Amino acid sequence: MARKFGTLPVPWWLAGGYAIEFALGHPVRDHADIDVLVLRRDHLAVQDALAGWQWWAADPPGALRPWRLGERLPVGVHDLWCRPDTDRPWRVQVMVDESSGDDWVSSRNPDVRRPIAGIGDTSGDGIPFLCPEIQLFYKAKGHRPKDDVDFAAVLPILTIEQREWLAYAITRTYGPHPWLRQLAGRRAPKH
């Protein structure tokens with residue numbers, strides 16, 4: 001995916017559990033697919049990155065439908081499922097998020113935002129990945145066992161600022177959450 005997306009002239013970030021592992025520098029668990037985040041303003045570039053693949057849009061409340069070449073997705077569509085062909089499993093989930101000027105804006109809560117330049121990092125191999133606190137913010141909604149595994153793995157390396165931002169974003173968007181008490185506990189030193 002890094003080769004496919006790496007040629008695009010728009011920002012993109014590896015997301016999901018792989019983003020957590022890139023932040024840690026080592027594997028944590030098995031993965032069923034690869035998650036990538038793009039901004040809505042740039043989402044048509046996915047069709048260039050995955051030319052020849054099948055692209056399906058997840059229309060709320062969750063029905064998949066073909067995504068037509070050149071179709072600008074409406075604001076309510078935030079997920080694309082992609083696979084090389086009909087005989088292959090889904091390989092990539094592309095999350096489409098919002099932006100305003102130079103800011104990334106969460107699709108889950110427009111009050112949760114950050115400068116686009118600060119939502120990711122880059123691996124030693126040059127692969128952009130979503131910052132762990134932003135990825136955990138998205139994982140907090142579902143609160144699945146694999147999300148708890150990712151949270152526990154990355155929590156010890158989060159800085160005070162990352163923990164505070166994540167606690168703010170979770171509280172503001174989801175309300176009470178089991179991770180909040182752990183975020184307020186022992187904190188990593190500033191980097």
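1. Buried here means under 20% relative accessible area, exposed means over 50%, and partly exposed lies in between. The model is a predicted one.

2. Start with H4, which spans 132-142. Nine of its 11 residues are buried, so the helix is largely enclosed by the rest of the structure. The buried set runs from Pro-132, Glu-133 and Ile-134 through Gln-135, Leu-136 and Phe-137 to Tyr-138, Lys-139 and Ala-140. Note that Glu-133 and Lys-139 are on that list.

3. What follows H4? His-143 does, with a positive phi near 50°. His-143 is not a glycine, yet has this positive phi. The residue sits in the loop between H4 and H5. Its relative accessibility is 30%, so His-143 counts as partly exposed.

4. Now the largest pocket. It holds about 750 Å³ of space. Its lining has 34 residues, and those closest to the centre are Asp-79, Gln-93, Met-95, Arg-108 and Arg-144.

5. Which element gives the most to this lining? H4 does, with five residues. At least two residues each also come from helices H2 (16-24) and H5 (145-154). Strands E2 (34-39), E3 (54-59), E5 (79-83) and E6 (92-100) likewise supply at least two each.

Conventions: Residues numbered from 1 in each chain as written. Predicted model: local features only at pLDDT ≥ 70, side-chain atom pairs only at ≥ 80, totals over all residues. Heavy atoms only, no water. 1 Å grid on protein atoms, 1.4 Å probe; cavity = no way out; pocket = protein on both sides within 12 Å on 5 of 7 lines; lining within 4 Å. Points joined across faces, edges and corners; volume = space filled by probe spheres on them. Helix = DSSP H or I, 4+ residues; strand = E, 2+ residues; numbered from the N terminus. Buried < 20%, exposed > 50% of the residue type's maximum accessible area, 1.4 Å probe, protein only.
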